[in-house]
Amino acid sequence: MNAEHLIRFLKGVGRKLALFVTIYLIASMALFMAIRAIPGDPIALRLKNPDPVRVAKERERLGLDKPVMTQYVLYGKSFWTGDWGRSLLSGRKVREDVAQFFPATLELSLAGLSLGIIIGVLTAVFAEGFRSQWLKRFSFFLGTLGLTVPIFWIGLLALIVGSLWLGWFPSGGRFDLSMVPPPNVTGSLLIDSLLAGQWEKFWAAVNHLVLPAICLSLYPAAQVCSVLQARLQDPKIEILKRALKARGFGPARIWFRHLLKVGSAPVVTVIGTSFGALLGGAVLTETVFSWPGIGRYMVAAVLDRDLYVVQNVLLLVILLVVGVVFITDFLAHVINPVATKSEEDQ
Amino acid sequence: MFSLFRRFVTVFLPLSLLLLGGSGCSPKELSSKRPETLIFARGSDAQKLDPADVDDGESVNTISQICEGLVRFKSGTLEIEPSLAESYEISENGLRYTFHLREGVRFHDGTALTAEAALFSFHRQMDESHPGHLPEANFQYWNYLYQEIKEVRAEGEMTVVFELSEPNSSLLYSLAIFPAFLVSPNALETYGEEFQRHPVGTGPYRFLNWTPNQAIVMEKNPDYWDVANAPKFERLVMKVVPENSVRLLELKSGHVHGIDGLQPAELAALESDPRFTVYQRPGMNVGYLTYNLQDPRFTSREVRLAIAMAIDRKGLAKIALDGTGRAADYPIPPGFLGEPKKGNPIPYDPERAREILAAHPDILAAPIKLQVMSQPRQYFPDPVKAASFIRSELEKVGLTVTIEAKDFKSHLNSLRNFEFELGLIGWMGDNGDTDNFLSIFFGSWATIKGAASNYAFYKNDEMDAYLLGARRETDMAKRQELYEKCLALWRRDLPIVPLVHSNNIVVTRSELTGFELQLIGDLRLGPVGWKAE
Amino acid sequence: MLERLMKRSLFELVTFAWIALALLGLIWTPYDPQAQSFRELSLMGFSKLHWLGVDGLGRDMLSRVWRGSGNTVLLGLAASMGTLCFSAVLLFLEQKGPILLKKLIRGLVSVGISLPVLFLGLILLVFLERSPSTLVLAAALGGVPFGFRQLRIVWVEQKGALYVMASKALGSDGRHMVFFTIWPNIKGQVVSLGKILFAVGILELSGLTFLGLMGDPDFAELGTILRQNQAYLFLQPSLVVWPGILLSGLLLMVHLSNIKTKS
């Protein structure tokens, strides 16, 4: 890497950081103002007999009587120090709630994402590798399915088939409650039960995960499949393929070692951009499958006007999505510097 | 080609295992053995587990397994029987209540139950400087059901005395419900800030852990004092399953053993199914329609009567509650003190209603806004369905109605601030006393803007006098007379239209025994066990 | 004339017919979709009088999903039009504004494209009432990053095109150029973009309404109907299956017709 490259690279990082800060400012201000624009006082709403004196006392305790600018600064300070206050409704610490619900959503999203990548990559590679009309049709079908069928409806159908008709899968929740859950280490029941070596619990967790993960996998599968397929159809790839064949490599080695590597950079970008969609989809999937994750928690908090949950968790999730996009952009750049050009460079 | 196939298998093997995981534990397997864990599923999670600072059914139903009060309702009735107090006396003038505590009872943390320990649960609510008077807690019931209590003190080791500022004939009942449950005084020290989420009581099950939005787990209290109702399960789990349909499926597949919040339409099929037992009895609640008397269009008594007569309450109970409730004639549940024995005060008469309304062009001129909450409450399992029904009834007599569904909190907020025209709402009784309904609905002291429970803004000195008189009166016959007068005034002025009393419904697997529905709607799982084989 | 009609792909015709039929549901349905006229038949399946059965409140299901399709299409159209307008304004700002604004807009769009509409909807719902207009606003704003990006591609392509330069050299003024020179050339692309936005908008809206964010739970719209009938998922699955089929079918047709126009 020469100096010119390094400078360009650093410039790129700087630009991303500046953008990140801008997004933080916009998002936090939007949330802050949205909360102050709530019709009706959220503090009075939670009291059974909200006489003005009590409401005033409560506002003082929560620091809502201070000037608006001070409140905004305090909000920023508390957000970054991780002191996210307590839910007005349950009195629980928001941070503890997030530590509780977020791993559940992450587990579900990652399961859906990995399943989606596996399905997407396999379909694309086999469709192109075998040049099979049927596989091509399937990949087309997959691409359309992921874009045209609402995820929650698939979820409902999956419940009818997998749970009511076949009876194979539980109709909701994350774990079989007649068992004691494995000791909490990572927050992911799959990993925790494996760490504890408790197979029965691992299967119980897998069993609960199957239906929601399949639903969630459709969108990334469709995205990955179409991007990878487009890449593999590139005439340059065709030349590379022939060259590799001429060297006497078997098809498995050609496809899975060489071509996939070339094709993976746009796939990584797609993974980054579909992470947000995945979280959005997780909100719906969690609702259908009673999955105790962050999505349901957020929706409930917004409808209940639960101040501290809304202003911290929503901001956190937004920044997280943005962060993941930046990181995957960066990764894609590292994997294949030529194939990726970020939006701003155009 | 072979290696390609091999790779295919290595990738697909985990996938197929994943799918096989599904057949790992089939429902039949679960129900054939008798688990030592009882799982009960409901629609939402508890909010807090501090008896003095909760008001939602899910929290109360969890606390009821863990904590107990000095007295309790005899199972399935509104009769008071001793609980943690072995006996009690009430002084002649009704100003002093004396409770003698049971010997040998211990809280789950080992603290012995003494008068001193019992005081903690009351003092922390009364005394703002008490360390247990947490700043984030509201103690909303204290000012509202127990406001006459002037002092609570210990007399000797095992006697607790309550001194009242004026008599309140419903206080003993109020002492049997959750805000008066006893918690261990040492729990505050042990759990600090988390005290409100870690209840320590004397009940049949003790708190183990709580995974929010998922489950609250309790375990057997092996030293439970009430041997006849000793817990039968090693563990008790209160599970959250938000969707009614999914919850029922969980019951059918054997993943849970009991549920509440049933989709009423499912009831008929369940009742004939030998695998399940359906418990159903009228709940202590009333769902009603309230007028806003500050709205000039509803100032006329005649208009209010006409609207009331236009609604087929029996049909409403049948459709909106799918037959799992009954039409309400009075603003108090059936069988309550003061309920007249005869007659239907508001007949269903759309013809007459149409005639009356024809004489009031102002009410017909513009659409009326009917406001309703979108989440189910006990009195309206499907409030929006009820609103849809009422809209079609009112439109039949010539009115035009628009429905505005809001989430419960916002709905309540606009009712409390009198920012509505017609409102659909209800009340769940707390302590089984008539005062707990009529004072809430009609007391002029309940019309403070922002905190009102008398949403109609009904003010009548005569009504106030009767209500306060009945509250102080200890003679049941005289109280009855006063409440009858209140109801006569209500019928004359009609600030609210009672619509339905909905049933409490719990469904369990039929192998379970010992369950009984409680009148005040709480859940007692302590005595529940498997039937002998 | 006939030839032109024949040239149009089959899918496009089906899509237009579908949308027209759905919109007809706004004016006429076999029964009143709100009237609870068949309470005694509630939750009944197929019958001669009620082809798709009767829902839990005694309303004819066919009428409900028909009107529902109409409303869904209408809301989707509103959302996609909104997106196009917002995107056009943003594009104008990006092209004419100062360099910093330019960079900011491009940066925000590159990030905004991966933020789910649902989150935007949630932020709006913090202070706005639950209503169709709030949801349409959320869906319209949510589509902007994608709409902007696609519009910009079209714009940049055309700006440097030879025929535009030629037209400029011939001395045509701004208005004439936009309407008679540029528009005929980009019409196809914009319509195709509109179709994608329409489909995406409907998909996003249905997600929001399925969460019960519509406000009026009786509102005949496919997502809301799905939400309301979810309670009967196991008792009468057809009440959930039909609205979903109609929703997916409509989106499928829009997609297929778009693929054909592209090729």
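1. In what order do the elements of chain C run from the N terminus on? They run α-α-α-α-α-α-α-α-α-α-α. Chain C has 11 helices and zero strands, where helices (H or I, at least four residues) and strands (E, at least two) are DSSP runs numbered from the N terminus.

2. The model is predicted: local features need pLDDT of at least 70 and side-chain atom pairs count only at pLDDT 80 or more, while totals for chains, interfaces and linings use all residues. Residues are numbered from 1 along each chain as its sequence is written, and chains are lettered from A and ligands numbered from 1 in the order in which they are written.

3. Along the principal axes, the C-alpha atoms of chain C fill a box of roughly 75 × 50 × 25 Å. Of its 263 residues, 48% count as buried (20 or more other C-beta atoms within 10 Å of the residue's own, C-beta atoms being placed from the backbone).

4. In chain C, 69% of the contacts between residues at least 6 apart in sequence join residues at least 24 apart. Two residues are in contact if their C-beta atoms, placed from the backbone, lie within 7 Å.

5. Chain B is assigned domain 1 (1–64 + 203–257 + 511–533), domain 2 (68–189) and domain 3 (285–503), with bounds from an automatic or database domain assignment.

Definitions and conventions. A residue is buried if 20 or more other C-beta atoms lie within 10 Å of its own, exposed if 12 or fewer, and partly exposed in between; C-beta atoms are placed from the backbone.
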